[in-house]
Every structure is written in C-alpha cells, then in structure tokens.
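Dear colleague,

Please find below the structure that I am handing over to you.

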Amino acid sequence: MAVEELKKAKREKEILLDRIEKLEEEIQADAGKDKLSILWELLLRIDSMVLKGMIDTGEASDFRRVVMSSNAMVVDVFFDIMQREDVELLAELRHLSNKNRRNGFHIVHICTEMVPVVSVGSLASYVTGLSHALQRQGNLVEKLYASLELDEVQGLREIEAEFYSYFNGQFCGNRIWTGVVHGIGVTFIQPILYSTFFTRERLYGYPDDFERFSYFSRASLDYIVKSGKRPDVLHIHNWETAIIGPLFWEVFVKQGLEGTRIMLTCHDFGSLCLEQPDKLALCGLDSSRLHRSDRLQDNTKGHLANILKGGVVYSNKVVIMSSIYSKATIIHSLSHGLESTFSLHEDKLLIAPYGFDKFTWDPSKDKFLPENYSADNMKGKAICKVALQQHLGLTEHASVILVGCIFSEVSDVGLENLKEVVLIGSRRDVQFVFMRLGKVPCKNTSLDSFLAEIKDENVRFIDKCDEALSHLIYAGSDIILCPSFHDPILQAPLKAMRYGAAPIAITSFGKRIGSVVDHDSQSTKLSQFLNTTFAYLSLNQALDEIEQFHAVESEDNECNKERLLMGCRML
C-alpha cells in the first residue's frame, strides 16, 4: 500500500515541480529588485562616496539616517536612478536630507560565515537569521566579511577607491566589494598583499589562522573608521574576530567611535586560539599592556595569549550559545580553562539558545520528501521510509525499524560505538543508514576495516554530503542516533524530533545515557522535554517501544506515540 502511494506521490510531485519551475521563470523575468535590496545598495554607495572623498563622515551619517528613517520614500525616489553616477545620487541625497534622527540601532556584524555565502557551522545561520530579525524591528544591520565567495551576492560592485589597513608594521592595500545578500548589506574585504589569506579550499584549520583573522579584524575596524560609520554595536563572533575587542578599546575608540559598544557571541569553546604574545603586534596591539592575567594572558599556559579570553574581557556583553546548559554549568564545568575569567565577568554573560531553521527542516513543506507530513497527519512518514529503503536497496516495508545516523566526522561517533549499535540492531533485524557529511570522501583505514567487518545486508554507509538524502534519512527513520544532544552544528536531536523520529545519544546503548542537561530556570522547555523524554532512553528501550507501536494498539502505546509527536509540535 505504501509503495503504491509512493508512486502516486512521485507523479504528483513531478507535475507540481514542473509548475513551480515555470512560475519561478515568470517571476524571475518580471520581478524587480525588492525594496530592502535597493536600500542596501544605496547605503553601500554612501560608503563608496566616503572612501572616494566625495563626502565627509558626518554627512554620510546624516544620509544613512535619512535612508533608514524614510525608507519607503527613498525607494520610490531612487528606484530608477540607482545605476547613475555617484554625483547624481549625491545630489538627490542632499536634496532629501532632513537630518531626521532614526529610531533603531546601527549594528555591524564582523564575521567569517553567513548563509548562504559560506556555512561551516552554526554561526552562519545564526548571523543571517539574527540580522533579518533585527532589521524587521527597524534596526540597521550590516556585515563585514572576509571570504570572497560572491555567487550569492546581489548588486555586487567594487568600490573604486584606495583602502589601506595596518598589518605587520605596514599599511596594506585592499579591494572593497559591496552587495546585498538576502536583504542584508554586506561588505567584502579582499587583501592585495596577503591575497592568499581567504582564497583557500577551506575557511578554518590552517597554521596561520591567527594571522588571517587578525588581518581581517584590523582591516574591518580601519574600514569602519574610514567609511565614517558610527555603529551603536559591533557584533563579533568566536575567537576569529574576538581580537576586535582589545583593538577597539586600545586603538580605535577615540577615532569617532566613542558611542559604539562591543558584543561577543561564543558558539564554541573548543578553540580558544592560544598564540605567542608578540604576535599581537601584527595588528597593532602592545603585548606588554595586554599580556596580563586580567587581560589576554591564558589562565593555564601563562606564556601564551588567549585570543578568545581577550574578547570576553574587552566586550561589553558576551553571549554564550547553549540550548541546554545554564550559565552556572558553563562557567564551572564547560569553560575550557576560562572559569576564573567568566566568574570575574559573570554580570555581562548571557546565555541564548541556538536557533532552529524551521523553514528548511519542516516535513510538512520539505521539498526533498516524496510525501509531506506533520504531527497531526503522519501518513507521509511511512511513504518516506519506503522511498528511503528503495533508494538504499533495503527491504521495502514500513514496519521494519530503520535507524539513521548523520555525523560530520567518524571521530564524532567512534567506531566502537558504531560496532556496538550495529550488533544490537542486527539481532533484531533493524536497518541502518549512516551518513558522513564530509565534502570529500573519507580516507580512513579504520573505517574501511569497520565496513568490511560488519558485512550486514541491513547496513548502508554514505560517505558524502547529499542534502536531499539527509532530509529523507530524517523523514524515513524511526530512530536517529545523535553524536551529542549538545549539537549546535548538525542539531540532530532537534531535526529528529521535528521529523517524528526518536533521538538517541551515542554514548551507551545497553544502559542509560550519562549526558544530561540542566533542570533549572534557565533551561528552555524544549531542552527539558528533550532531557526528560530521551536522554535516559537506551537504543534497546527505543526499539522495544517502536516494535510495540507496530504490534498492537494499546493505551500505553498511544501515550508513547503522543510523547514522540509532542517534540515534533514543539519545534
């Protein structure tokens, strides 16, 4: 029955996709630029005028206030003249300028990732989502960015003006590109002398990462000053731009930025960036002033400078991203050697939960699924399971328990844990699909040995990143094995619950799991539900409950089913 419904759903989806494709072509042909993009193109042209010396920084600030306070009128006036020369735009700006004070804040993100330009971890979606939310509330939000992945940039243009930034004892030339990404104004800084800093295969993981990102951080502040920006908030992220905190207060605050404040967001304490103190001079800092216990000196390795610590010390507010841990737990148990620093600056620490992309990960609208479904109508999940089984060459039956596991690296799950889970499942005719989200196939002899050892017809391993298949795995699986419940990048537990699968942490399969979250006033309702419902559930227990779903209808089974669907409804 599910197979026939799957075939029918495929035919209907093909027809629908053809209609959508034709509609998109019509819209693309007829649609003009959206209002927000026009505003941002104009704001970025104002930056260009400052760099070219056409206007001073004070007049530029006035123009920006005009644009943001009278945006509807501005769009009407400038819609048809955006392609004209700067001289004509400047004349129109001066005509409109009434020096009205804007109501919102001016926020500049200085970051290394953003969706959809470059996305490595949770930072990318966080920055883009937060920027959209702040702009909807009437704030002026823009981004300074290091990468040169420019395919997704609308209205891309190079500012034809010289711009120099300080690094390693000299002033270095840069090319400046501006554009709009998803309605957000973005400025890209391209080094000329250090041209290879941001043209590499990957964004992170090089021996000279400190040099690369300190160059970008210093160049960003130099650009802000030269372009005449007077932001209310500089929002920096992780260790890569944490050096902006010391740079701002030690070098830049008296260059017209007295009203600006610094906010640091920490997504990951796994990398603190420990460097020799003399390297601070590369971006213009005095190590003799900063290499002290109350500033950048590392709390454990006193001969090294801790860049993330410097960001914490010099920022006005520090936001730590965590959906499940309280401030006290992070300070005393998860601070990676920064406990004394966090304790000293506890008043400015804030805990914020990770956002969840409800639009991309929504089974009721997911374009990658053969049949959509929701918590109120789960019929399509069985069809998705059969489709996944067909795709992987597994036995096609909706009643067979299917366990999915998606991870970024083999080390995240551990081969011994994988062996244990397959051994448990093989005794119960469970189907497994493992996917490693690497950009290139993994060359791992231990993994090869593991795959050769298991030789189970019910196990499939996909060693590549396949976005469509990853969505189908969540939709078609009864259980999702999660490398961790504290998973800001993959967010496997949240996606599992969203798609009606039981999340089980890969820690211990025969007994209760030791990874639990906080039960206190700072825990979210979702994290409390995740902890009380699934954190103590073993794989065997989850298999027992799902087998009971298929075997008999009972009051207990209905309660268990409702418990699973509750997580789907909460997201």
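Strands are DSSP runs of at least two residues, numbered from the N terminus. Please keep in mind that this is a predicted model.

One such strand is S5, which covers residues 184–191 and includes Gln190. Is Gln190 buried or exposed? A residue counts as buried under 20% relative accessible area; Gln190 has a relative accessibility of 18% and is therefore buried. The side chain of Gln190 also makes a polar contact of 2.8 Å with the side chain of Trp177.

For the chain as a whole, 22 helices and 16 strands were found. Of its 571 residues, 54% are buried. The exposed surface comes to about 25800 Å², of which carbon and sulfur atoms supply 50%. Among contacts with a separation of 6 or more, 72% are between residues 24 or more positions apart.

The largest nonpolar core holds 80 residues, and within it Ile110, Leu280 and Leu308 touch the most other members. Helix H7 (residues 209–226) gives the largest share of this core, with nine residues. Which residues does Leu308 contact, leaving aside its neighbours within four places in sequence? They are Asn238, Trp239, Ala242, Leu264, Cys266, Phe269, Ser271, Leu272 and Leu338. Another core, of 57 residues, lies apart from the largest one; Leu369, Ile406, Phe432 and Met497 are among its members.

With kind regards

Technical notes: Residues numbered from 1 in each chain as written. Predicted model: local features only at pLDDT ≥ 70, side-chain atom pairs only at ≥ 80, totals over all residues. Heavy atoms only, no water. Helix = DSSP H or I, 4+ residues; strand = E, 2+ residues; numbered from the N terminus. Buried < 20%, exposed > 50% of the residue type's maximum accessible area, 1.4 Å probe, protein only. Contact = heavy atoms within 4.5 Å. Areas by Shrake-Rupley, 256 points an atom, 1.4 Å probe, with all protein chains shown as cover. Polar contact = N/O pair within 3.5 Å; in protein donor to acceptor, adjacent residues only side chain to side chain. Core = buried A, V, L, I, M, F, W, Y, C linked by side-chain atoms within 4.5 Å.
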